[in-house]
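Please brief me on this two-chain model before I set anything up with it. Where should its coordinates be read with care, and what do the local details look like?

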Amino acid sequence: MATTITMPQLGETVTEGTVERWLKKAGDSVEKYESFVEVSTDKVNSEVPAPVTGTLREILVQEGTTVPTGTPIAVIDEVGAATGTNAPGTEPTQQVANAAPESRESMAQSANFEPVPGFNIPEMPVKHVGSAQPVSNGHAVVHQGNGAAAESALRGASPAVRKLAREHHIDIRAIRGTGANGRVTADDVLTAARMGPAAAVGQAISVGTNFGATGAPAAMPPPAATPPKAPATPGPGGTSTYGEPIPGTLIPLNSARRIIAERMVESKHTAPHAWSMVEVDVSNVWKWRAREKDKFERDTGYKLTLLPFFIRAVVESLAVFPLMNAKFTAEGIAVEKNVNIGIAIGLPTNLVVPVVKNADKLSIKGIAIASGELIDKARRSKLSADDLQSGTFTVNNNGANGSYASAPIINGGQAGIVTMETVVKKPVVTADDAIAIRHMMNVCLSLDHRVVDGYVASGFLADLKKRLEGMGPSGVL
Amino acid sequence: MAVAASTSKILNNVEAVRETLYEAMKSDDRTVILGEDVGNRGNVFLITKDFVKEFGEERVIDTPIAEASIVGIAVGMAMEGLRPIAEIQFADFIYPAFNQIVGEAAKTRYRSNGEYTCPLVIRTPYGGGVRGALSHSVSIEALFYHVPGLKIVAPAFPADVKGLLNAAIDDPDPVLFLEHKKTYRLIKGEVPDGHYTIPIGKADVKKQGNQLTVVSYGLYVHWALEAANALEQEGLSVEVIDLRSIRPMDRGAILESVRKTRKLLIVHEDNKFGGIGAEISAMVAEEALFELDAPIRRLCAPDVPAMGYALPLEEEYMSSPAEMADAMREMVRF
């Protein structure tokens, strides 16, 4: 029997989708639930799993083509059916409205990015992924290849395994199981968690590559948790991709890249950017973090970076300067009710800004966990549409790669974006004219001059500086 | 456990019951024993041998073969201030007294809004493995554990028998006290002298382990321990919990152990369907699903109407230490 696959609806309001890439070609066999095509909309990128096991008989829509949802995009011959013929008495074709057996919602969440302006790379305070049996490429996660076996390991995982894997941020599929029939046991997860940090040393931090800069992304280690998108194999003649650019070739724009481009241009052209910078003495915060970070990681599984301290100071300053938490509209300045902080996260091929909702209601610890979860999800392409919505202000942890100052582009109509630049030890003249060695960090602000003027912006920055300098060297997270 | 005396002696389960009943009769003249053949015959297992000589026919009462009357009369005695200990000669004969136990004794406190209580103990030998066939092998706990207001106790070790029987006698509400007859003379152990109680509703970890939790009660606790100790030689670490009380059940002890081992095996002699293991499974699934690293497993009697007399039928109905060891091994290695 032949099954016709149609363009799935990847979201409540989505009416069309683009075939981004065929992961299989005509004639290839596909397993049920195996991803065989990548489709995208302006909201979501998603791999579509096959609804049946069989052979991909025909591709009806070529890569890069956008079609309405419900349009047939491929035909799969089910196992046992002769190609092109139908067994007597069976339906000639079975229309599969949503190609995936999953709900629209879960599909929409399966892989997802909403690119936005801001062009820098934050430090990645994400727990490393470990493996009980380190795999050959030296990286802990083996998403690529043997997808069916890995997926079946996932489906067979016990509740305890799933819970522990979640807590320790470990991909079950990456673990070699020692239980019956290779089942991954709870102990296997714990072993992997224990081995994780050691195994991952030296490969973890620079997950993002600064794609706005001239550095060669290929020189960066691949991310520890690449989403399960096999790098395109160079065909005869070679195909240049964003992940593997080949000099002298043209990289076709995928929808993510196109949208990033459009929104950057839109923000830069509609919001008149002004820029300011303050230098902040973060010595005490630095000490505080150093004191807490080991215990914090033990307790929560997340690394404690400077980011949550910074976000906490930002939300406190936003409370004093609500105009910084506002947005320009034709009707007037819309002052936001909620304080939802977007965190710009650079990934090798795109940029996402997941949002810590109601960050003003969270402690430093709460922010650290919430942002840790989001960053983790971002790296695993597991952000949901909801994770990416409703940001009111954006923070960019730009210093991880040593940046000393930067001029970020404002995100999605907000009033401003602040960056944390690199922390450096510097000789500083103190209040009593002594010279001391302090941890100093620049904080840069881009603001929408339609919403606020320099008076408010500099007040905000001064307040932020005062709060950061007043934090620590101890306290309750 | 409130141990009054520091001395102890080795008793089997029959002797432990006998000593406890004797001390209760001695210490409180409200205590009355009634049942079939408890007087002149001294109970079929000789538990109350010579009691009638010492305490008289008014306190050690031979009854007709009429279980509804035994429990019905005992309920009345209890409500009016005596401390009756009714005996059902074999648990297989308890059915005529179902109404008196479930409909009367268990509801007395509630029905009278607390004005009356029913401090009644119903003792009965239960369980198989003794070639007792259809009428002397039954497990009845699941028939009664659905009933709020009724406590059910099924100890496996002599010291627990004494401590829990004392607690049952002291209890202001009805307690069904189950004595596994195969353990009666098979199981011996140290029993403290004097009066002490073990709280009803408290399980006991009889063997520590960290790879699998086995929950059981009665005879099967001993078999589970035998299996778990054998597995220790293979390097497998199994924890064995003796429920001791079936209702109230020590949920905390089970959950604590399961949270440690992440795997749960329940073994009981009673039928599987709707048995005690079903309640434990449901409770663990509700409370600790995300701690589980393997499906919960129950090793119980098959759904056949009774234990047959023929040895192969009895053996098929009962589990065995070897069968338990196999199940434990599979679960540890899962």
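The points below cover confidence, the chain contact, strands, helices and backbone geometry.

This is a predicted model: local features need pLDDT of at least 70, side-chain atom pairs count only at pLDDT 80 or more, and totals for chains, interfaces and linings use all residues. Residues are numbered from 1 along each chain as its sequence is written, while chains are lettered from A and ligands numbered from 1 in the order in which they are written.

**Confidence**

- Chain A averages a pLDDT of 76, where pLDDT is the predictor's confidence in each residue, from 0 to 100.
- In chain A, 73% of the residues score at least 70.
- Residues 81-146 of chain A stay under 50 in pLDDT. The model has 202 contacts beyond four places in sequence for them. Two residues are in contact if their C-beta atoms, placed from the backbone, lie within 7 Å.
- Residues 197-237 of chain A are also below 50. This stretch has 65 contacts in the model beyond near neighbours in sequence.
- Where pLDDT is low, the predicted coordinates should not be read in detail.

**Chain contact**

- Nine residues from chain B and 10 residues from chain A make up the contact.
- The side of chain B that touches chain A has five nonpolar, no polar and four charged residues. Nonpolar means Ala, Val, Leu, Ile, Met, Phe, Trp, Tyr, Cys and Pro; charged means Asp, Glu, Lys and Arg; the others, Gly among them, are polar.

**Chain B overall**

- Chain B has 13 helices and 14 strands. Helices (H or I, at least four residues) and strands (E, at least two) are DSSP runs, numbered from the N terminus.
- Of the 334 residues in chain B, 53% are buried. A residue is buried if 20 or more other C-beta atoms lie within 10 Å of its own, exposed if 12 or fewer, and partly exposed in between, with C-beta atoms placed from the backbone.
- Take the contacts in chain B between residues at least 6 apart in sequence: 80% join residues at least 24 apart.

- Six of the six residues of strand S7 (residues 175-180) of chain B are buried, so the strand is largely enclosed by the rest of the structure.
- B:Val175, B:Phe177 and B:Glu179 point one way from S7(B). B:Leu176, B:Leu178 and B:His180 point the other way.
- Strand S5 (residues 121-126) of chain B pairs with S7(B) in the parallel sense over six bridges; two strands pair if DSSP finds at least two bridges between them. B:Thr124 has B:Leu178 as its bridge partner.
- Strand S6 (residues 151-153) of chain B pairs with S7(B) in the parallel sense over three bridges. B:Val153 has B:Phe177 as its bridge partner.
- B:Val153 is buried, with 28 other C-beta atoms within 10 Å. Its contacts outside four places in sequence include B:Leu164, B:Ala168 and B:Ile200.
- The C-alpha atoms of B:Val153 and B:Ser245 are separated by 4.3 Å, yet the two residues are 92 apart along the chain.

**Chain A strands and helix**

- Strand S1 (residues 2-6) of chain A runs antiparallel to strand S8 (residues 72-78) of chain A, joined by five bridges. A:Ile5 stands opposite A:Ala74.
- Strand S6 (residues 54-59) of chain A also runs antiparallel to S8(A), with five bridges. A:Thr55 has A:Asp77 as its bridge partner.
- Helix H8 (residues 364-379) of chain A has 14 of its 16 residues buried.
- Just after H8(A), A:Ser381 takes a positive phi of about 55°.

**Backbone and loop details**

- The peptide bond from A:Gly472 to A:Pro473 is cis, with omega near 5°. A:Pro473 lies in the segment after helix H9 (454-470) of chain A.
- The peptide bond from B:Arg247 to B:Pro248 is cis too, with omega near 0°. B:Pro248 sits in the loop between strand S12 (245-247) and helix H10 (251-261) of chain B.
- B:Leu46 has a positive phi near 65°. B:Leu46 is exposed, with 12 other C-beta atoms within 10 Å.
- B:Arg244 also has a positive phi near 65°. B:Arg244 is buried, with 28 other C-beta atoms within 10 Å.
- A:Gly413 is partly exposed, with 19 other C-beta atoms within 10 Å. Beyond four places in sequence, A:Gly413 is in contact with A:Lys327 and A:Phe328.
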